[in-house]
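Please look over the model below before reading on.

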Amino acid sequence: MASSSSVLSEDQLQCSICLDVFTDPVSTSCGHNFCMTCIKEFWDTSSHCQCPVCKMDFPRRPELHVNTFISGLAAQFRKPVQKNTEKEKVDSMDIFRALIRSIERNQAEMLKVMEEKQRAAERQAEEFIKDLEQEITKLKRRNTELEQISNTEDHLHLLQIYPSLCRPPPTNNWTDVSIQPHLDVETLRRARSQLQECVDEEMKKVVSMELKRIQQYAVDVILDPDTANPELILSDDGKQVTDGDEWQDLPNNPERFYQCVFVMGKEGFSSGRFYYEVQVKGKTEWYLGVTRESSNRKGEITVSPEDGYWSVCLGNKTEYQALDSPHVLFSLKQAPQKVGVFVDYEEGLVSFYDVENESHIYSFTGQSFTEKLYPMFSPCLNDDGENSAPLIICPVSQVQS
């Protein structure tokens, strides 16, 4: 296997503020990376917190944590590259994602330059059209003069009024006119689309490898009836949950969600890695993720990392969100039928995958876990039968090559 330095260049590990290799790199919620000192100084000199790259505004100043993975990559450009370790093989997915982000950034910059050139070409075309309109006006004026000549017999009088008719007409040499070819942005877009297809194909291969790796951490998740909202109906084996649309007479014990239609898994995890898969086929709304042991379960719940929830959801049939801080709206090429949830407790990572399409959905990174994490599910309301399909915890089978 090639070393990481053959996959990434030093340029791709440079802070966009100081233009040097990252020192203590941190990641913002919009997915961009900076030196911790650089971004802090940038925000210190600004009236509000904003990403220097994509200009996303943050309602409050984010709490920054060093991204140990990117820090490790950057360190390799300050010392001789050593032989790959097993951990570097495990983290090949993250290296490829960093490469993809760099490609996307370069594509955006290239598109910006080409669009500026297009606008310049359009301005030049407008000026050329003005010149043509002036020339047409002159020709119309001359045509009017000629018509007047043809309609009168007093040629001497006309020559006195229009002395310009005594001179030969100017030569309209159109061969001297040069027109700048229109910038073919469609060609650029087609090239970008082809590049994206190649990237997507390679990404699918990498995600397939990643899924095979994390599926070895599969755990047997059983739903905990003591945590289930009274509207929820659980199967006898604890593998399915649906909204029954009727309130059941159940005790309001401390563990139970009593307003939001959520339920948790029985077993919690306070270390290591774990993975499970959930069928979401036929549903128009759902929530999936993990929650900490002490998270609020009564009344209205704010689903966010600050409140102990790491979750993605579907709403209104097609609206996908990562309930991060702030929330992240995203689109998927295909609606997932089965979602995989992977947690690396020590790395502070919660990732979601479309299992059947072998694609990555979203990751919460750089989190700090200090107590047990439990799988969390919500089939959402029945919605008069439109969302009656259950969430089903599926046995994990290895992705086929």
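This is a predicted model: local features need pLDDT of at least 70, side-chain atom pairs count only at pLDDT 80 or more; totals for chains, interfaces and linings use all residues.

Which residue in S14 does Tyr-287 stand opposite? Tyr-287 faces Ser-378 of that strand.

Strand S7, residues 286–292, and strand S14, residues 373–378, are paired in the antiparallel sense over 6 bridges. Both belong to an open sheet of 6 strands, ordered S5-S14-S7-S8-S9-S10, with antiparallel pairing. The edges are taken by strand S5 (263–264) and by S10, each of which has a single partner strand, so one side of each has no neighbour in the sheet.

## Aromatic pairs

Across the whole structure, 15 aromatic pairs are found. One of them joins Tyr-320 and Phe-330: their ring centres are 6.2 Å apart and the planes meet at 20°, which is under 30 degrees, so the pair counts as stacked. Tyr-320 is part of strand S9 (residues 319–322) and Phe-330 is part of strand S10 (residues 328–330), so the contact ties together parts 10 residues apart in sequence. Tyr-320 has a relative accessibility of 7% and is therefore buried. Phe-330, at 18%, also counts as buried, because the limit is 20%.

Phe-330 has a further ring partner in Tyr-362, with centres 6.3 Å apart and planes at 5°, so this pair is stacked as well. Tyr-362 is buried, with 12% relative accessibility.

How many residues line the second largest pocket? Its lining consists of 22 residues, and those nearest the centre are Gln-14, Ser-16, Asn-33, Val-53 and Arg-105. The volume of this pocket is about 470 Å³.

Helix H3 (68–75) and helix H5 (92–150) are the elements that contribute two or more residues to the lining. H5 supplies the largest share, 7 residues. Sorted by class, the lining has 10 nonpolar, 8 polar and 4 charged residues.

Technical notes
Residues are numbered from 1 along each chain as its sequence is written. Side-chain values use heavy atoms; hydrogens and water are left out. Rings of Phe, Tyr and Trp (its six-membered ring) pair if their centres lie within 6.5 Å; planes under 30 degrees apart count as stacked, over 60 as edge-to-face and the rest as tilted. Helices (H or I, at least four residues) and strands (E, at least two) are DSSP runs, numbered from the N terminus. Buried means under 20% relative accessible area, exposed over 50%, partly exposed in between (1.4 Å probe, protein chains only). Two strands pair if DSSP finds at least two bridges between them. On a 1 Å grid over the protein atoms alone, a cavity is a set of points where a 1.4 Å probe fits but cannot get out, and a pocket is an open set with protein on both sides within 12 Å along at least five of seven lines; lining residues have an atom within 4 Å of a point. Grid points are joined across faces, edges and corners, and a volume is the space filled by probe spheres set on the points. Ala, Val, Leu, Ile, Met, Phe, Trp, Tyr, Cys and Pro count as nonpolar, Asp, Glu, Lys and Arg as charged, and the others, Gly among them, as polar.
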